[in-house]
Structure formats: structure tokens, C-alpha cells
Amino acid sequence: MPAYLIVHPRDQKRDDLVIEDPALTLRFEAGWAILADDHGVCLAVPSGQGASIQRVDEQQPAPQEE
């Protein structure tokens, strides 16, 4: 299941958070990082905010051909 960790700069005094959802996607558009699922936007983070976004789920390895 896709999961992303959003870490805010310490001086902003915001809590870091993890967002996960089976249909979660991340896209970058017009200076924003946008996390969305089947129902629409879950979170939008402006690039100027200085937050970092890291994928933290365990991605499945690609199947090996025999």
C-alpha cells in the first residue's frame, strides 16, 4: 500500500505525518506536491513550505522472469 512521510522543517512546529491509502498517488503541479486517492486530494503541500516527502511503504520487487 503506498505510504508517504511528510516531514516539516522544525522551525514551523508542525507535526510530521504519514499518509497511506491503496489508491494514493503523488504528483507535482504548479509548485505544489499533491497527494490524492480515488476520492480526490488528500493533502497539498506548497514547495515553498520546505517540507520533504518520502515514500515509506515496502514496495514489492518486480517479478523475475525465468
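Gln49 touches His8, Pro9, Gln12 and Arg14, leaving out residues up to four places away in sequence. A touch, or contact, here is heavy atoms within 4.5 Å. Gln49 sits in the loop between S5 and strand S6 (52-55). Is Gln49 buried or exposed? Gln49 counts as buried because its relative accessibility is 15%. For these words, buried means under 20% relative accessible area, exposed means over 50%, and partly exposed lies in between (1.4 Å probe, protein chains only).

Before going on, know that this is a predicted model, where local features need pLDDT of at least 70, side-chain atom pairs count only at pLDDT 80 or more, and totals for chains, interfaces and linings use all residues. Residues are numbered from 1 along each chain as its sequence is written, and side-chain values use heavy atoms, with hydrogens and water left out.

**The two sheets**

Strands are DSSP runs (E, at least two residues), numbered from the N terminus. Two of them pair if DSSP finds at least two bridges between them. As background, the strands of a sheet pair through backbone hydrogen bonds, either parallel or antiparallel.

Let's zoom in on S3 and strand S4 (residues 32-37), which pair in the antiparallel sense over 5 bridges. Phe28 stands opposite Ala33 in S4, and Glu29 faces Trp32 in S4. The hairpin of S3 and S4 has 2 residues between the strands, and Ala30 takes a positive phi near 50° there.

The other open sheet, also of 3 strands, runs in the order S2-S1-S6 with antiparallel pairing. Strand S2 (17-20) and S6 are the edge strands here; each has a single partner strand, so one side of each is left without a neighbour in the sheet. Neighbouring strands of this sheet are turned against each other by 25° on average, direction ignored. Strand S1 (residues 3-7) pairs with S6 in the antiparallel sense over 4 bridges, and Ile6 stands opposite Ile53 in S6.

**Charged residues**

How many salt bridges does the structure hold? There are 3 of them. A salt bridge is a side-chain nitrogen of Lys or Arg within 4 Å of a carboxyl oxygen of Asp or Glu.

| Salt bridge | N to O distance |
|---|---|
| Asp16 and Arg10 | 2.9 Å |
| Glu29 and Arg27 | 3.1 Å |
| Arg55 and Asp57 | 2.6 Å |

Asp16 is partly exposed at 32% relative accessibility, while Arg10 is exposed at 59%. Glu29 is partly exposed at 44%, and Arg27 is partly exposed at 36%. Arg55 is partly exposed at 37%, but Asp57 is buried at 16%.

Now for Asp37, which lies in strand S4. Asp37 is buried yet has no salt bridge, and the nearest side chain of opposite charge, Arg27, is 9.6 Å away. In that count, Lys and Arg are positive, Asp and Glu are negative, and His and the chain ends are left out. What does the side chain of Asp37 reach? That side chain reaches the backbone nitrogen of His39 at 2.8 Å. Leaving aside neighbours within four places in sequence, Asp37 is in contact with Asp21, Ala23 and Cys42.

Technical notes: A polar contact is a pair of N or O atoms within 3.5 Å; within protein, one must be able to donate a hydrogen and the other to accept it, and residues adjacent in sequence count only if both atoms are side-chain atoms. Axes are lines fitted to C-alpha atoms, for helices over the stretch in contact, and angles run from 0 to 180 degrees between N-to-C directions.
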